[in-house]
Amino acid sequence: MAAQTIEALRSEVAGPAILPGDTDYEDARKVYNFMIDRRPAAVVRCMTDADVAAVVRHAAEAGLELAVRGGGHSVPGFGTADGALVADLSGLSTLTVDPAGRTARAGGGMTWGAFNDGAGAHGLATTGGIISTTGVGGLTLGGGIGYLARGYGLSCDNLLSAQVVTADGHLVTASADEHPDLFWALRGGGGNFGVVTEFTFQLHPVADIYGGPMFFELSDGEAVLSYFNDFIKTAPREYGGFPAFQIAPPLPFVPEDRVGEPFVALISCWSGSPSDGEKLLQGFRDVANPVAEHVGSMPYPALNSAFDALVPRGLQHYWKAEFVDDLSKEAIQAHMEHGPRVPVVNSTVHLYPINGACHDVAADASAFGHRDATYAVVIAGMWPDPADNDANTRWVKGYDAAIAPLSQGGGYVNFASGDDQAKVAVNYGANYDRLREVKRRYDPDNLFHLNQNIEP
Ligand SMILES: Cc1cc2nc3c(=O)[nH]c(=O)nc-3n(C[C@H](O)[C@H](O)[C@H](O)COP(=O)(O)OP(=O)(O)OC[C@H]3O[C@@H](n4cnc5c(N)ncnc54)[C@H](O)[C@@H]3O)c2cc1C
């Protein structure tokens with residue numbers, strides 16, 4: 001059955017279908033997280049909307065699993081599966097910017113690096129992820145957290161419309177006016193509702209930003225986190241940074257004898273004037289002397305690729321996530337117990353603030369279910385050697401067990417792992433029941449189930 005389907009599909013699509021035995025199959029079957037070791041029946045590099053529709057139709061008709069791959073960054077490896085048809089969207093990566101209208105149309109398989117460079121050429125940007133290789137697709141559909149979120153909302157809040165191939169193989173437009181229920185669900189409901197072949201985003205004028213990392217001694221960690229918690233409640237929306245636990249990499253601004261040590265870091269992005277940014281960060285320097293820092297003016301896309309080298313494709317990944325209202329004293333103590341034990345330079349813990357403009361959107365206006373959270377915390381375990389899998393996953397789980405009781409009881413779906421399906425209702429939060437209704441309408445047979453799955 002699979003062989004017949006693939007033969008028929010091959011003759012229909014413009015892009016190549018890569019099969020077991022083909023020279024590029026070994027690479028094509030893999031995703032960003034190399035802990036995922038799966039062998040799909042075929043990886044179809046979709047070049048057009050019609051290619052996507054063909055893959056969707058053939059998978060449904062043949063009863064084959066369908067994996068949809070945007071940037072391929074999903075930690076659970078949703079972009080590949082044993083015996084599946086993979087709709088690889090990397091060929092759909094055209095960006096069309098309308099500088100006058102301040103909008104951009106982005107192909108469903110585009111990465112944030114290409115998006116930021118294209119929009120940045122016009123002095124424009126929208127909220128995207130902090131690593132340039134992450135896909136626009138998966139990130140936006142799950143919500144989308146990044147440096148500009150406090151200023152301009154989540155990535156999904158900037159979505160104006162989407163071209164979607166639905167489970168029946170039809171291409172529809174989802175926007176406030178067309179298929180508004182689908183449009184609602186796409187903004188936070190993940191890849192559950194169809195394949196987005198093109199996203200249209202609102203852009204904003206973003207000139208050079210002022211920011212970069214500061215590293216503080218662990219002994220100052222409690223004071224820095226506590227200061228951040230007070231600061232972020234009223235910080236101007238131009239501020240979009242976050243505290244982190246991070247081992248210092250071997251970079252020129254880090255004293256040689258401190259490389260390899262864990263620190264409490266502050267990664268800042270200030271989109272106002274550099275002098276105002278400087279004043280704002282002085283508040284942190286007054287709390288504690290940074291051991292190392294690399295803060296200055298740079299193009300926004302530069303900050304969005306500054307940490308790419310720490311997370312190359314091919315690491316092992318295991319992550320946990322929690323939405324948090326407040327960094328209480330108890331929460332800070334839990335972080336100070338587990339954060340400094342970060343095992344390897346690639347791993348990190350980020351406490352992303354999602355107040356400011358993210359809170360302007362009503363809780364039921366989009367599917368993103370944790371509008372009232374102040375932070376989205378991620379414990380991102382990433383390490384090179386599979387021999388270290390046990391030690392690293394143990395660190396992530398132990399850390400999460402300590403902070404989960406202090407959270408809202410759910411975490412950001414885009415930071416969740418493959419073993420988080422049991423938490424899916426609390427992770428989608430307040431809008432879960434309505435998401436299920438929309439799922440029943442658009443994908444009653446759950447064709448799109450390789451995701452943090454909303455069962456119809
Ligand atoms: C190194 C790294 C850094 C990250 N940084 C951030 C960050 O700063 N902010 C943040 O919010 N998240 C971040 N994330 C998490 C990220 O949002 C998720 O991993 C997200 O799923 C990635 O999307 P993708 O398209 O690259 O992944 P994929 O694995 O391709 O897809 C993820 C899910 O989305 C679906 N999907 C992807 N594209 C489409 C599409 N066009 N139409 C329909 N469904 C689609 C897939 O089927 C799958 O279920 C990061 C992840 C990594 C690994």
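Helix H3 lies across strands S2, S3 and S4, and its direction makes about 165° with that of S4. The model is a predicted one. The chain holds 14 helices and 19 strands. Helix H3, residues 49–62, also packs on a second sheet, where it touches S8, S9 and S10.

**Sheet S1-S2-S4-S3**

- Four strands make up this open sheet, in the order S1-S2-S4-S3, with mixed pairing.
- Its edges are strand S1 (17–18) and strand S3, each of which pairs on one side only.
- Strand S2 (residues 42–45) runs parallel to S4, and four bridges join the two.
- Within this pair, Val43 stands opposite Val86 of S4.
- Strand S3 (residues 66–69) is also parallel to strand S4 (residues 85–88), again through four bridges.
- The bridge partner of Leu66 in S4 is Leu85.
- Strand S3 is covered on both faces: Leu66 and Val68 are buried on one side, and Ala67 and Arg69 are buried on the other.

**Sheet S5-S6-S10-S8-S9**

- Five strands form this open sheet in the order S5-S6-S10-S8-S9, and the pairing is antiparallel.
- Strand S5 (95–98) and strand S9 (171–175) are the edge strands, each pairing on one side only.
- On average, neighbouring strands here are turned by 15° against each other, with direction ignored.
- Strand S8 (residues 159–165) pairs with S9 in the antiparallel sense over five bridges.
- Thr173 in S9 is the bridge partner of Gln163.

- Helix H3 touches S8, S9 and strand S10 (195–202), and its direction makes about 55° with that of S8.
- Helix H4 (residues 112–120) packs on the sheet too, touching S5 and strand S6 (103–107).
- The direction of H4 makes about 30° with that of S5.

**Whole chain**

- A compact globule of 456 residues would have a radius of gyration near 23 Å; the chain has 21 Å, so the two agree.
- Taken along the principal axes, the C-alpha atoms fill a box of roughly 65 × 50 × 40 Å.
- Of the 456 residues in the chain, 55% are buried.
- Among contacts with a separation of 6 or more, 73% are between residues 24 or more positions apart.

Note on methods: Residues are numbered from 1 along each chain as its sequence is written. This is a predicted model: local features need pLDDT of at least 70, side-chain atom pairs count only at pLDDT 80 or more; totals for chains, interfaces and linings use all residues. Two strands pair if DSSP finds at least two bridges between them. Axes are lines fitted to C-alpha atoms, for helices over the stretch in contact, and angles run from 0 to 180 degrees between N-to-C directions. Two residues are in contact if their C-beta atoms, placed from the backbone, lie within 7 Å. A residue is buried if 20 or more other C-beta atoms lie within 10 Å of its own, exposed if 12 or fewer, and partly exposed in between; C-beta atoms are placed from the backbone. The radius of gyration is taken over C-alpha atoms; the globule rule is 2.2 Å times the number of residues to the power 0.38.
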